[in-house]
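I open my notebook on a structure that is new to me. I will write down what I look up, entry by entry.

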Amino acid sequence: MRSEKLAEARALLKRPDTGILARLEQIARDEQSRARRLAEPSFPLVAAWAGALLALGAAAALAFSAAAVVRRRCGRVLAPAILAGGAGITLLAGLSAGLAVHTALALDGTRDDLAGTLRTGLAAGLGDASGVLDTAQKTVAGAGTPALSGSGWWNVAYIVLGGAVVCATVAGLVVRLVQDYPRRPVDWTWARRIGRAATRTRRRRRALALAAVLTVVAPVAVPLALPSDPVVTVLGTWTGQEAQRFRTLMEDHGIKVDYEGTPAQREVLLARVQAGDPPDIAIMPGIGELAGYGADQLLKPLDDALEGIDPERDYAGPWKPAGGKGATYWWPVNANLKSIVWRTPGQRGPAADLASWCLGLGEDGAAGWPGTDWIEDLLLQDAGPGPYTRWARGTVDWTDRHGPVRDAWRRWADFLATDRKHAADALTTDWRGPGALKKNGGDFREEKHCAYEHQGSFARGEDGATIEDSARLLPGGPHPRRGYEVSGDFAALFDDREPAQRALRVLFSQEVQQDWADEGTMYSAMTPVMEKIGGREGEDDTARAVYRRFRQNDVPRCLDASDVMRPMLRDAFHEAALKTVAAVAGDGSLSQAELDGILKGVQSVQNADTPTGDGESVNRKLVVCSGAL
């Protein structure tokens, strides 16, 4: 297990594009660019300060000019209030200029310091990532925030006091002119003329009243009337090219998405939910995890997003969740077939020998799931969909000596024992193959020259491999085909604002599902799309073979059991698969005592993690298999 964990950690750190170091470097570049944009004295900031300076300068010039004109014409000493007002405006203009310079210097210094810190980290390859980011944080806090905060408080005081002084000055000027210079009274005839003209007719009076109301209401009403942020935040598991295809697909259909893809989706989503900042939409395969969020009333019903969709007509199989109006909280956006084996052209080998198979258990943050897929498929073909469903829902005893779980587990362990070295290599190999940790790495089957690979329909490569049902080739086989293990990615709504609802309506639509499926990288769970591609002449043979199996209603289709399980039990299942391979790699076989210990460990997690109340009812009613059980 030590070597497997080290390999997993190395993969997490160094995987091209999606590894921690690669992501930190990209984050550093993005933050450096964002800091440069934010810290740049932009045109609005410069224009605001320039406008303030010009306005104050004009006010000061007007005040002194008025004082000079009054003194020249009347020969009287100007009132002290007017002199004080003019001097105050002049001082405010100087203060404004000083604050403008101070702000620009603080922004410029912050930008240079932060850019230098991040540049140093990039040059070093972010080897000391925590130190670099900590220094960057201190730079922002020390060089930017206090200085700018100080300027901000001065700006507030300047605006409030400056406005008060200007208003007082103008009022004092008018009062003094009226009181001190009665010989030159102010002629208000023009104002009275305008007033009479504006209120002469009823229509004009109504227009004037409407303008007054709009002047008061508009500043409050306009922001409320503006549409909400059209950008929709989406959290999913797709990374690399898959993530870019999703972004492009949504943008091509008029949806702006801020997509974040991570293999550690459970941890990221949980952290964001606990922080009160969940994404608008989460897309994940684990409906057991989504059921927990639904039981906690954190998910929004999908009634509006499913408008125009007929579930009975447009969807079939286990992808269609149970529930009606107000009770549907997730919906499939794609589908995959797992009860298949990829056969490599030109490669031969005995199916009963592990050496003939490609096998890797590594994954960013979720190592072990390729092993659980073997056990799930074995249990489904041996015991059938009924016991499989009860097992996925958490009502089967893992330790039962005559139960289906132990039987499937023992078959898989004995299969691993046919090649101890190959099992040891699988612990430190990514499921996508050794090339997954290299830029432009090759396909798993091409690199390892293996004859078989037990992997889902998403593992399609460029090697021309074909698929066939796994039941005949599984350990202890041939087995009767009792069902197809399938999976899917399901979208759930955490915020039901209109842009998010619209994004889901687009994503669920037949047009987008068809466009996505036509790209050949994703399979749709939508029946009309299945029928169109599955029956289309000239279509790719692999796609037609997958959709043909999706549409076999006489064969039950069952969701990946670990995706149905609650998160803690799923993680324990993954860990148990890794322990099994580690035991075989170390001792050459899995003893009865080791198997008992592994299964007891998983059973203890199931016992401790059994949900209560609403969580129990939701989890126990999840749709697992279609067809007769």
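**Entry 1: the disulfides**

I start with the bond between Cys558 and Cys625, a right-handed link with 115° about its S-S bond. I note that this pair bridges distant parts of the chain, 67 residues apart. Cys558 sits in strand β10 (residues 557-559). Cys625 sits in the segment after α24 (614-620). I keep in mind that the model is a predicted one. The sulfur atoms of Cys558 and Cys625 are 2.0 Å apart. I looked up the cover of Cys558 and Cys625, and both are buried.

How many disulfides does a search of the whole structure find? I count two. The other one joins Cys358 to Cys450, with 1.6 Å from S to S. This pair also links distant parts of the chain, 92 residues apart. I find Cys358 in strand β6 (residues 357-358). Cys450 is in the loop between α16 (444-448) and β7 (452-453). The torsion about the S-S bond of Cys358 and Cys450 is about -70°, so I log this disulfide as left-handed.

Are these two cysteines buried or exposed? Cys358 has 4% relative accessibility and counts as buried. Cys450 has 4% relative accessibility and counts as buried too. I then numbered the bonded cysteines of the protein chain in sequence order, and the pairing reads 1-2, 3-4.

**Entry 2: salt bridges**

I get a count of 20 salt bridges. I looked at some of them one by one.

Lys338 pairs with Asp560, and their closest N and O atoms are 2.7 Å apart. Lys338 is in the loop between β4 (330-337) and β5 (340-343), while Asp560 is in the loop between β10 and α21 (561-564), so this bridge ties together parts that are 222 residues apart in sequence. I checked the cover of each partner. Lys338 is at 7% relative accessibility, so I class Lys338 as buried. Asp560 is at 2%, so I class Asp560 as buried.

Next I took Arg410 and Asp414, which form a salt bridge with 3.2 Å between the closest N and O atoms. Why are they separated by about one helical turn? They are four residues apart in helix α14 (residues 404-416). Asp414 has a relative accessible area of 42%, which I record as partly exposed.

Arg505 bridges to Glu498, and here the closest N and O atoms are 2.5 Å apart. Arg505 is partly exposed at 26% relative accessibility. Glu498 is partly exposed at 46%.

I also found a network of salt bridges. It links Arg266, Glu289, Arg570 and Asp571.

**Entry 3: charge on the surface**

Which residues form the negative surface patch? I list Glu251, Asp252, Glu511, Asp515 and Glu519. Helices α8 (240-252) and α18 (510-518) each supply at least two residues of this patch. Glu511 belongs to helix α18. At 53% relative accessibility, Glu511 passes the cut-off of over 50% and counts as exposed.

The positive patch on the surface gathers Arg192, Arg193, Arg196, Arg200 and Arg204. Helix α6 (residues 189-198) gives the largest share of this patch, three residues. I place Arg196 in helix α6.

**Entry 4: a covered helix**

I turned to helix α20 (residues 541-550), and I note that α20 is mostly covered. Seven of its ten residues are buried. Among the buried residues of α20 are Thr542, Tyr547, Arg549 and Phe550.

**Entry 5: backbone details**

I looked for a cis peptide bond. One joins Gly477 and Pro478, with omega of about 10°. Pro478 is in the loop between β8 (466-469) and β9 (484-493).

Gln297 has phi near 60°, a positive value in a residue other than glycine. I find Gln297 in the loop between α10 (287-295) and α11 (311-314). Gln297 is exposed, at 67% relative accessibility.

**Entry 6: a pair across the sequence**

Pro370 is in helix α12 (residues 369-383). With 3% relative accessibility, Pro370 is buried. I checked its distance to Gly456. Pro370 and Gly456 are 86 residues apart in sequence, and their C-alpha atoms are 9.5 Å apart in space.

Methods
Residues numbered from 1 in each chain as written. Predicted model: local features only at pLDDT ≥ 70, side-chain atom pairs only at ≥ 80, totals over all residues. Heavy atoms only, no water. Patch = residues over 30% accessible without salt bridge, like charges linked within 9 Å, V, L, I, M, F, W, Y side chains within 5 Å. Areas by Shrake-Rupley, 256 points an atom, 1.4 Å probe, with all protein chains shown as cover. Salt bridge = Lys/Arg side-chain N within 4 Å of Asp/Glu carboxyl O. Lys, Arg positive; Asp, Glu negative; His and termini not counted. Charge placed at Lys NZ, Arg CZ, Asp CG, Glu CD. Buried < 20%, exposed > 50% of the residue type's maximum accessible area, 1.4 Å probe, protein only. Disulfide = S-S within 2.5 Å.
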